[in-house]
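Me: I would like to learn how to read a protein model. Could you take me through it one feature at a time?

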Amino acid sequence: MSLLEVNQLKTYFKIMRGYVKAVDNISFTLEKGEAIGLAGESGCGKTTTALSILRILPSNGEIKEGSIMFSGMNITKISDEKMRRDVRWKGISIVFQGAMNAFNPVYRVGDQLVEAIMLHENVKKSEAEARGKKLLELVGIEPSRFSNYPHEFSGGMKQRALIAMAISSNPSILIADEPGTALDVIVQAQILKLLRELKKNLNLSMILITHDLSIIAETCEKTAIMYAGKVVEYGSVFEIFREPQHPYTIGLLAAFPNIKAAKTRMKAIPGFPPDLLDPPPGCRFHPRCKYAMDICKYKEPALIPDNKGRSVACHLMNK
Amino acid sequence: MSETIVRAEKLTKLFILKTGFFKSLTSRQTLAVHAVDGIDIDVRKGEILGLVGESGSGKTTTGRLLLRLIDPTEGKIFFHNKDITKLNENEMRVLRRKMQIVFQDPYSSLNPRMTIGDIVAEPVRILEQRTPKDTEDLVKKALDDVELHPPDEFFFRYPHELSGGQRQRVATARAFVLNPEFVVADEPVSMLDVSIRAEILDLMIALKEKHNTAFLYITHDLALARHLCDRIAVMYLGKIMERGDVDQVVTEPLHPYTMALLEAVPVPDPAVKRSETVLKGEIPSPVNPPAGCRFHTRCPSYIGEICRTKEPQLLDVGNGHMVACHLYPKK
């Protein structure tokens, strides 16, 4: 049994004009100590998937169908109380996008760490403080900065402190939402290195959400490429980066500059993602796909696994 | 070598920090942010010069200084070999039509209450006397140039009706409507989705070739700069550390800082294993930049006393490849 199994998850947002199908029938699994990267353009449902796993969707969002199995229990079915007590933070925790604004500016960083620890663990304040300092040290911040305010931290330090907070109750899964954006290249490289180290030393499983495929290539073992609420390609990073099969994956990789490879012209994917209130019939990518055939316009391709453990949702694969 | 359009000598910009009333009584010392500190730079006709560095290295300030959107503390700026450092607003206005800028964030650089037509027409209205009909034709041609088809349809739309990529096209049309000779692009794609970045960059290259513009491209993304630029200048704490042709800088980097930057760029290929050595720490405060070489506090190839005490000059080490580091003797 895998640590986390997401099965045919559908998360919709209800708005005046109907349902926005933000996540529409996606499945993936995550093993202990493994990292998966969810990649795709803005609005493809990456973050919604993460929020569904933690059940912290905005009030108009709803898990319509599907199950999320976390160490044997279906967390779409358990009570809010149990979710709060046993799953969030202790089982699965998240580092949100935008470290700059995630801390409360009027409380000391240390106090915010202590608050998180004391809410989830039955410990005395002094113990929580000692643990907070240790955590800061673990992520590479001087423990003496424990009682600084957030504005005294640089962007990279805030990101580190947030990671410390997320791992404060020894979760088995860490979700990192765009951990690199809004940071400089060098600081970004430092943060990614930290995540890789934590993953190795604490045997953490990670879900990495990003639009930057190169970050996934460096950090994850497998990846799910998402488009308009669907997973279009899923498998090991080695397979997918070496031989992308889905036209969307090929397009994404071609839109990326690679500093180590020969200088090539970058190619954009023409058009823009569809309106998820009323997505196109058939394959959702067909209006932008240069290989689109007739069948793509009415029949939705299923995610079919090949013999090497990679799955692709494209009619071209049957040819 | 093609003609130099914009050139700056010993360009310096200090931003004086405000001190409180009581502090001003106890200390006469004024503090200043050394945003740009005595750099020489030139941008030639029909080329893209990439200005690369971390946040706080002074890239954006340099761009704005060259356009004289802000005034330099010291140094001279030349436009077609004419000193424009001391020109007043009226004299500058004549030149403004020849120098334009595309800002980073297309969500805040377009006025939400103006139509696309008005936004693109604004520089024409301010800088040239033209009939309304003439202006409209010019605007439509500019919209057509940036591939917003059909221009008639976009003319009466508002920015909120457009996607991020389309907005950045509008900002580009506004910069190119008067056929400028020098354009500064300040991280124009960093706010856009990966899948459409290439489109906007292609568009900028096409426009540059069409108008034979001198282009200053400001970015922190070396991988992107490599695919786009003809020459690259690497900045750190207000100084230029290395400058040369794009292939010189990217394939044979000399300065330890350039090497560190290159090393930090993630590679979209899981088979490539990067070394786990990442530069430690963050860029020091520009209020009190380190003495000697500004990079010595983080430098992995620190060679001793000289780095801490003597500031290295930007020297030619062959074929126009300039580097400011004590590791390299002058050729």
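Reply: What follows goes from the contact between the chains to helix packing, the core and some single residues.

Reply: This is a predicted model, in which local features need pLDDT of at least 70 and side-chain atom pairs count only at pLDDT 80 or more, while totals for chains, interfaces and linings use all residues. Residues are numbered from 1 along each chain as its sequence is written, and chains are lettered from A and ligands numbered from 1 in the order in which they are written.

Me: What describes two packed helices?

Reply: Two packed helices are described by the angle between their axes and the distance between the axes. Axes are lines fitted to C-alpha atoms, for helices over the stretch in contact, and angles run from 0 to 180 degrees between N-to-C directions. Angles under 35 degrees count as roughly parallel, over 145 as roughly antiparallel, 65 to 115 as roughly perpendicular and the rest as oblique. Take H4 (residues 116-127) and H5 (residues 132-145) of chain B: their axes come within 9 Å and cross at roughly 120°. H4(B) and H5(B) are therefore oblique to each other.

Me: Which residues of H4(B) and H5(B) meet?

Reply: From H4(B) come Gly117(B), Val120(B), Ala121(B), Val124(B) and Arg125(B), and they meet Thr135(B), Leu138(B), Val139(B), Ala142(B) and Leu143(B) in H5(B). By class, this contact has 7 nonpolar, 2 polar and 1 charged residues.

Me: At what angle do H4(B) and H7(B) pack?

Reply: H4(B) and H7 (residues 164-176) of chain B pack at an angle of about 30°, and their axes are 7 Å apart. H4(B) and H7(B) are therefore roughly parallel to each other. Here Ile116(B), Ile119(B), Val120(B) and Pro123(B) in H4(B) meet Val170(B), Ala173(B) and Arg174(B) in H7(B). The residues of this contact divide into 6 nonpolar, no polar and 1 charged.

Me: Which residues have the most contacts inside the largest nonpolar core?

Reply: A residue is buried if 20 or more other C-beta atoms lie within 10 Å of its own, exposed if 12 or fewer, and partly exposed in between. A nonpolar core is a set of buried Ala, Val, Leu, Ile, Met, Phe, Trp, Tyr and Cys residues joined through C-beta atoms within 7 Å. The largest one has 185 residues, and those with the most contacts inside it are Ile207(A), Val120(B), Tyr217(B) and Val234(B). H6(A) gives the most to this core, with 8 residues. Leaving aside neighbours within four places in sequence, Tyr217(B) is in contact with residues including Ile48(B), Leu49(B), Ala185(B) and Cys229(B).

Me: Is His34(B) buried or exposed?

Reply: His34(B), found in strand S2 (residues 32-44) of chain B, counts as buried because 21 C-beta neighbours lie inside 10 Å. Not counting residues up to four places away in sequence, His34(B) touches Leu14(B), Gly238(B), Pro286(B) and Pro289(B).

Me: What should I note about the backbone at Ser71(A)?

Reply: Ser71(A) has a positive phi of about 35° although it is not a glycine. Ser71(A) sits in the loop between S4 (61-70) and S5 (73-74) of chain A. With 16 C-beta neighbours inside 10 Å, Ser71(A) counts as partly exposed.

Me: Where is there a cis peptide bond?

Reply: A cis peptide bond joins His149(B) and Pro150(B), with omega about -15°. Pro150(B) is in the loop between H5 and H6 (151-155) of chain B.

Terms used. Helix = DSSP H or I, 4+ residues; strand = E, 2+ residues; numbered from the N terminus. Contact = placed C-beta atoms within 7 Å. Nonpolar A, V, L, I, M, F, W, Y, C, P; charged D, E, K, R; others polar.
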